[in-house]
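Please read it with the sequence and coordinates open.

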Amino acid sequence: MKKNQKIGSLALLLILIIGYPITAYAADPYALSGSESGSITVKSYSSHNDTWISYIDNGIKAWNGSTAPVEISISSPSNNSIQAARYDDSWYGLCTKSYDETTGYITKFAIQINARTIANAATSFSDFAESVIAHEFGHVFWLCDNPRTKLRTLMYQKRDRNVLKLPQTFDIDNVKAKYE
Ligand SMILES: [Zn+2]
């Protein structure tokens, strides 16, 4: 190896070493922010019709009934909300998080579920809606979109939402690693 190549390799190695802690903070499969605790609350969504209430209930049960160490409960004084409506936006679901930039801990989240785009895309509306709802709660538990894995995951945006609507082993293991 010529001397200048050696210096080049050393410089690259230093960049990798120095750069690592910065990228590791929000490293795949995790997002920049998430709940400090696996126990979270969400405001009552009882203003929705019974059909939507059952979809939201099932999206929450997808996590509460899993082996992930999490519990989503309904609480009136909660800062956090979930709302289904016909939004003009192109997304199926959105999780907007306010968080502490040092710790990444969420101070507030708002999940929005788009009945309009779901109706346009779904072959099984209830399954599709529940997949979107469970996915958005995945973001509350730190999970990022499209993790680099070949394993099945609720967080993959190209999943078949008519079918894949529960947290998968990969997702549950990642949440366990945060809270256990
Ligand atoms: Zn997402």
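**A buried glutamate**

E136 counts as buried because 21 C-beta neighbours lie inside 10 Å, and the cut-off for burial is 20 or more. The model is a predicted one.

**Surroundings of E136**

- Neighbours within four places in sequence aside, E136 is in contact with G93, C95 and I111.
- The C-alpha atoms of E136 and G59 are 9.2 Å apart in space, although the two residues are 77 residues apart in sequence.

- An open sheet is formed by three strands in the order 3-5-4, with mixed pairing.
- Strand 3 (81–85) and strand 4 (93–99) are the edge strands, each pairing on one side only.
- From one strand to the next, the twist averages 15°.
- Helix 4 (residues 125–140) packs on the sheet and touches strand 4 and strand 5. The direction of helix 4 makes about 15° with that of strand 4.

**Strand pairing**

- Strands of a sheet pair through backbone hydrogen bonds, in either a parallel or an antiparallel arrangement.
- The pairing of strand 4 with strand 5 (residues 106–114) is antiparallel and runs over seven bridges. Y99 stands opposite I106 of strand 5.
- Strand 3 pairs with strand 5 in the parallel sense, over five bridges. Here Q83 has Q112 in strand 5 as its bridge partner.

**Faces of strand 3**

- In a regular strand, side chains alternate between the two faces of the sheet.
- I82 and A84 make up the covered face of strand 3, whereas S81, Q83 and A85 make up the uncovered one.

**The nonpolar core**

- Nonpolar side chains tend to be buried together in soluble globular proteins.
- The largest nonpolar core has 33 residues, and those touching the most other members are W63, I72, A129, V132, I133, F137 and F141.
- At least two residues of this core come from each of strand 1 (39–42), helix 2 (50–64), strand 3, strand 5 and helix 4.
- With seven residues, helix 4 gives the most to this core.
- F137 touches G59, W63 and I72, when residues up to four places away in sequence are not counted.

Methods: Residues are numbered from 1 along each chain as its sequence is written. This is a predicted model: local features need pLDDT of at least 70, side-chain atom pairs count only at pLDDT 80 or more; totals for chains, interfaces and linings use all residues. Two strands pair if DSSP finds at least two bridges between them. Helices (H or I, at least four residues) and strands (E, at least two) are DSSP runs, numbered from the N terminus. Axes are lines fitted to C-alpha atoms, for helices over the stretch in contact, and angles run from 0 to 180 degrees between N-to-C directions. Two residues are in contact if their C-beta atoms, placed from the backbone, lie within 7 Å. A residue is buried if 20 or more other C-beta atoms lie within 10 Å of its own, exposed if 12 or fewer, and partly exposed in between; C-beta atoms are placed from the backbone. A nonpolar core is a set of buried Ala, Val, Leu, Ile, Met, Phe, Trp, Tyr and Cys residues joined through C-beta atoms within 7 Å.
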